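I open this notebook to record what I looked up in one protein chain. The entries follow the order in which I went through the model.

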Amino acid sequence: FLEVIADIEDRSGANLLVYSAMDAPEAARASGRLGNLLQASAQRRFSEPFVIESGDLERIKKAASKIGFSVRRGRRFFHLCRECDEGEAFTRLRAELQCDVAIGVGGSVVDAEFLTRADIAIVVPGPDGTADPELVARLPDARVAPAPGPDGWAAAVDEVLRSLANPKKRARQMAS
């Protein structure tokens, strides 16, 4: 991704700070992660997180689009992604696994494509306890997890699984 970032900088006149090129202390400050989580988060396959040090977001998006990439907003970073449709990938995976009910969990706008395809969408709040307002606006029927991070994710999924185990709750869930 680094050569793609350099191309986008040249095309847009922007200066981008790339997450995978940050030293460990800088990446820890930017991401809020430490240790194994920090190391794992830097090993990206499908997107490259970055921050805009200077430049115009719309010009950056146009430059990325011209070379087959998109720019999406995450919680802490923008993400450079290959042009693809996560929603379609989600639908194909669901069909292959023959899922009766698909639960999607995410916390930022970058997750919207697949969350819109889930039967039950769960929005996980950020560290400050608030859900991303743009994501909630795009998913008005989504549940919002009761807490940020893994605790909120686990509590929300547990509640959904309990409601699915109860046929009356399941019927109400599927109707909403």
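Entry 1, terms and basis. I call a residue buried under 20% relative accessible area, exposed over 50% and partly exposed in between, with a 1.4 Å probe and protein chains only. Helices (H or I, at least four residues) and strands (E, at least two) are DSSP runs, numbered from the N terminus. The model is predicted: local features need pLDDT of at least 70 and side-chain atom pairs count only at pLDDT 80 or more, whereas totals for chains, interfaces and linings use all residues. Residues are numbered from 1 along each chain as its sequence is written, and side-chain values use heavy atoms, with hydrogens and water left out.

I noted 9 helices and 7 strands in the protein chain. Its C-alpha atoms fill a box of roughly 55 × 35 × 30 Å along the principal axes. Of the 176 residues, 38% are buried. For contacts (heavy atoms within 4.5 Å), I looked at those between residues at least 6 apart in sequence; 52% of them join residues at least 24 apart.

I took two strands as paired if DSSP finds at least two bridges between them. An open sheet of 4 strands runs in the order 1-2-4-3 with antiparallel pairing. Strand 1 (15–18) and strand 3 (69–73) are at the edges with a single partner strand each, so one side of each has no neighbour in the sheet. For angles I used lines fitted to C-alpha atoms as axes, for helices over the stretch in contact, with values from 0 to 180 degrees between N-to-C directions. On average, neighbouring strands of this sheet are turned by 40° against each other, direction ignored. Helix 4 (residues 57–66) packs on the sheet and touches strand 1, strand 2 (47–54), strand 3 and strand 4. The direction of helix 4 makes about 145° with that of strand 3.

I then asked which residues of strand 4 are bridge partners of Ser47 and Ser70. Cys81 is the bridge partner of Ser47, and Cys81 is also the bridge partner of Ser70. Strand 2 and strand 4 pair in the antiparallel sense over 4 bridges. Strand 3 and strand 4 (residues 78–82) pair in the antiparallel sense over 5 bridges, and they form a hairpin with 4 residues between them. Arg73 has Phe78 in strand 4 as its bridge partner. Strand 4 is mostly covered, with 4 of its 5 residues buried.

I found an open sheet of 3 strands in the order 5-6-7, with parallel pairing. Its edge strands are strand 5 and strand 7 (143–144), each of which pairs on one side only. Strand 5 and strand 6 (residues 120–123) pair in the parallel sense over 4 bridges. Ile103 stands opposite Ile120 in strand 6.

Ala145 is 12 residues from Val157 in sequence and 8.5 Å from it in space, C-alpha to C-alpha.

Entry 7, the largest pocket. I worked on a 1 Å grid over the protein atoms alone, where a pocket is an open set of points with protein on both sides within 12 Å along at least five of seven lines, and lining residues have an atom within 4 Å of a point. The largest pocket holds about 1100 Å³ of space. Its lining counts 36 residues, and Arg33, Arg44, Ser108, Val110 and Asp111 lie nearest its centre. Helix 3 (35–42), strand 2, strand 4, strand 5 (103–106) and helix 8 (149–165) each give two or more residues to this lining. By class, I recorded 16 nonpolar, 12 polar and 8 charged lining residues.

Gln98 lies in the loop between helix 5 (86–97) and strand 5. Phi of Gln98 is near 55°, a positive value in a residue other than glycine. Most residues other than glycine have a negative phi. Gln98 counts as exposed, at 67% relative accessibility. Pro133, found in helix 7 (residues 133–138), is exposed with a relative accessible area of 65%.

Key. On a 1 Å grid over the protein atoms alone, a cavity is a set of points where a 1.4 Å probe fits but cannot get out, and a pocket is an open set with protein on both sides within 12 Å along at least five of seven lines; lining residues have an atom within 4 Å of a point. Grid points are joined across faces, edges and corners, and a volume is the space filled by probe spheres set on the points. Ala, Val, Leu, Ile, Met, Phe, Trp, Tyr, Cys and Pro count as nonpolar, Asp, Glu, Lys and Arg as charged, and the others, Gly among them, as polar.
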